[in-house]
Amino acid sequence: MRRWLVPCLLLALNVACATARPVPTGAEPARLLPWSEQLAVREAWLVKRHEMLLPMMRQHGVGMWIIVNEEFHDDPLTQYVAPPRPYAGNRDIFVFIDAGAQGLKKYALTSYPEESLTRFFESPKEPLKPKEEELAELYTWYRPATIALGIGGKRGVTRSLTRDSYALLAAGLGPEAEARFISAAPLIEEYLDTRIPEELEHYRTLVVLTEQVVKRAFSPEVVKPGVTKVGDVRRWLYDELGRWGVGTWFQPDLRVQRKGQGNASSRGFLAVAKEDLVIQRGDLLHVDFGISYLGLHSDWQKMAYVLREGEQDVPEGLKRALANTNAVQDALVRESRPGRSASEVFEAVMAGMNEKGIVAQVYSHPLGNQGHALGASIDFRSTSRQEAPRKLREGSYIAIELNTRTPVPEWDGQEVFAMQEDPAYLTVEGWRFFVPRQEAYYVIP
């Protein structure tokens with residue numbers, strides 16, 4: 001079977017095979033592209049990404065960058081450095097070279113040098129030589145001072161080279177070249193954390209879809225108090241992903257807070273609810289959910305309240321809890337600017353909350369080509385990591401993820417977690433949400 005003639009790999013490639021269609025609810029429905037148009041859009045982005053690569057390589061002292069894709073064990077970088085199509089050629093190698101005055105040279109050493117690849121890369125002519133020989137020739141021609149590989153990083157996408165592929169590169173390039181191997185982690189981080197303007201409106205579509213799916217999940221369409229279980233809502237979310245032909249990068253989590261019941265915790269956070277827990281009137285619901293589309297990923301947390309018999313509105317104490325969380329979001333937006341370190345922003349936000357008497361946790365992280373993407377994270381864990389402070393980069397996407405704990409009088413002083421997570425992008429004036437944040441609970445009557 002040729003490489004392109006395979007079934008849609010929705011979860012692996014995050015590409016939808018569905019035709020364009022509107023979300024059934026909402027004033028501004030999201031409209032997804034058919035698969036062929038998604039491929040065309042992403043390949044247009046790839047042209048832009050390749051154009052920005054050479055300055056990045058020079059900034060990080062990279063003479064040659066090699067990505068190895070293993071059949072049935074894709075490198076997570078492949079769909080962002082090469083056309084985002086299935087690769088099943090045993091071992092496919094993509095090479096980027098700083099050729100000095102000749103600029104950026106790009107080679108694809110693949111088992112099937114097809115047209116979709118040769119639009120972006122030079123490929124060996126028939127008959128094909130062993131890839132080790134092709135690599136040795138490239139090294140001899142260009143003699144790069146450094147060769148960057150997916151090794152030595154702290155995240156999966158920066159340490160993805162397999163042991164056997166490393167051995168192949170070392171044998172093919174020889175001992176002299178092996179001595180020039182370096183980690184590609186800094187280059188990978190900048191490459192993946194640099195958003196291009198053409199992505200923004202497509203990402204907004206992704207966030208709109210995420211919001212509209214969650215609103216339906218937290219509505220009488222799905223939740224019947226006294227009947228619906230947490231697992232029912234989760235399964236409904238999975239079925240909606242399938243109906244839309246999109247994927248997710250993590251299991252949707254639901255949490256339930258209830259008057260008179262203590263809040264079980266897990267690793268310092270409110271614990272995920274059991275699948276068989278039945279949702280009751282008076283419950284405060286929370287969902288953590290993300291959608292994958294066009295090689296981009298959303299991350300979204302929202303809350304809903306199930307009205308008790310006779311209630312017409314959410315209790316004031318719960319409203320204050322959400323308002324406290326909105327205040328933390330305001331502070332994070334206000335304190336963030338391109339070039340400022342993430343740790344500075346975190347410290348400023350927490351100082352402001354301490355002055356206001358708000359008990360808060362901040363654990364925001366980059367978004368983009370991964371759900372937990374590379375880049376500067378504004379979170380309480382950053383201050384304890386033994387690494388240089390990372391600066392915010394204009395245009396980056398982030399999940400503004402945080403919570404507050406507030407005693408609620410109507411719940412006899414019981415503390416309530418109000419958790420929110422919103423995708424945003426960084427401008428010179430701070431973060432801007434892709435869609436308006438939640439300032440009132442979804443209400444299930």
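These legends describe close-up views of cavities and helix pairs in a predicted model.

Residues are numbered from 1 along each chain as its sequence is written, and side-chain values use heavy atoms, with hydrogens and water left out. Local features need pLDDT of at least 70, side-chain atom pairs count only at pLDDT 80 or more, and totals for chains, interfaces and linings use all residues.

**View 1. The largest cavity and its lining.** Rolling a probe the size of a water molecule over the atoms shows where empty space is left. Here a cavity is a set of points, on a 1 Å grid over the protein atoms alone, where a 1.4 Å probe fits but cannot get out. Grid points are joined across faces, edges and corners, and a volume is the space filled by probe spheres set on the points. The count comes to 3 cavities of 30 Å³ or more. The largest has a volume of about 90 Å³. Lining residues have an atom within 4 Å of a point. For the largest cavity they are Arg42, Trp45, Leu46, Arg49, Gln79, Tyr80, Ala82, Pro84, Glu199, Leu294, Gly295 and Asn369. Helix H2 (35-51) and helix H4 (78-81) are the elements that give two or more residues to this lining. H2 gives the most, with 4 residues. Helices are DSSP runs (H or I, at least four residues), numbered from the N terminus. By class, this lining has 6 nonpolar, 3 polar and 3 charged residues. Ala, Val, Leu, Ile, Met, Phe, Trp, Tyr, Cys and Pro count as nonpolar, Asp, Glu, Lys and Arg as charged, and the others, Gly among them, as polar.

**View 2. The second largest cavity.** Its volume is about 50 Å³. The lining consists of Asp193, Pro366, Gly375, Ala376, Lys391, Leu392, Arg393, Ser396, Tyr397, Leu426 and Trp431. These divide into 6 nonpolar, 2 polar and 3 charged residues.

**View 3. Helix H6 (residues 131-142) against helix H7 (residues 163-173).** Two packed helices are described by the angle between their axes and the distance between the axes. Axes are lines fitted to C-alpha atoms, for helices over the stretch in contact, and angles run from 0 to 180 degrees between N-to-C directions. H6 and H7 pack at an angle of about 55 degrees, with their axes 8 Å apart. That makes H6 oblique to H7. Angles under 35 degrees count as roughly parallel, over 145 as roughly antiparallel, 65 to 115 as roughly perpendicular and the rest as oblique. The crossing is right-handed (the near helix is turned clockwise from the far one by less than a right angle). Contact means heavy atoms within 4.5 Å. Glu132, Leu135, Ala136 and Tyr139 in H6 meet Leu168, Leu169, Gly172 and Leu173 in H7. The contact has 6 nonpolar, 1 polar and 1 charged residues.

**View 4. Helix H10 (residues 200-217) crossing helix H11 (residues 230-244).** Their axes come within 10 Å and cross at roughly 140 degrees. H10 and H11 are therefore oblique to each other. Leu209, Val213, Arg216 and Ala217 in H10 meet Val233, Trp236, Leu237, Glu240, Arg243 and Trp244 in H11. This contact has 7 nonpolar, no polar and 3 charged residues.

**View 5. Helix H12 (residues 316-335) crossing helix H13 (residues 342-356).** The axes come within 9 Å, at a crossing angle of roughly 140 degrees. That makes H12 oblique to H13. Ala327, Val328, Ala331, Leu332 and Glu335 in H12 meet Val345, Ala348, Val349 and Met353 in H13. The contact residues divide into 8 nonpolar, no polar and 1 charged.

Conventions. 1 Å grid on protein atoms, 1.4 Å probe; cavity = no way out; pocket = protein on both sides within 12 Å on 5 of 7 lines; lining within 4 Å.
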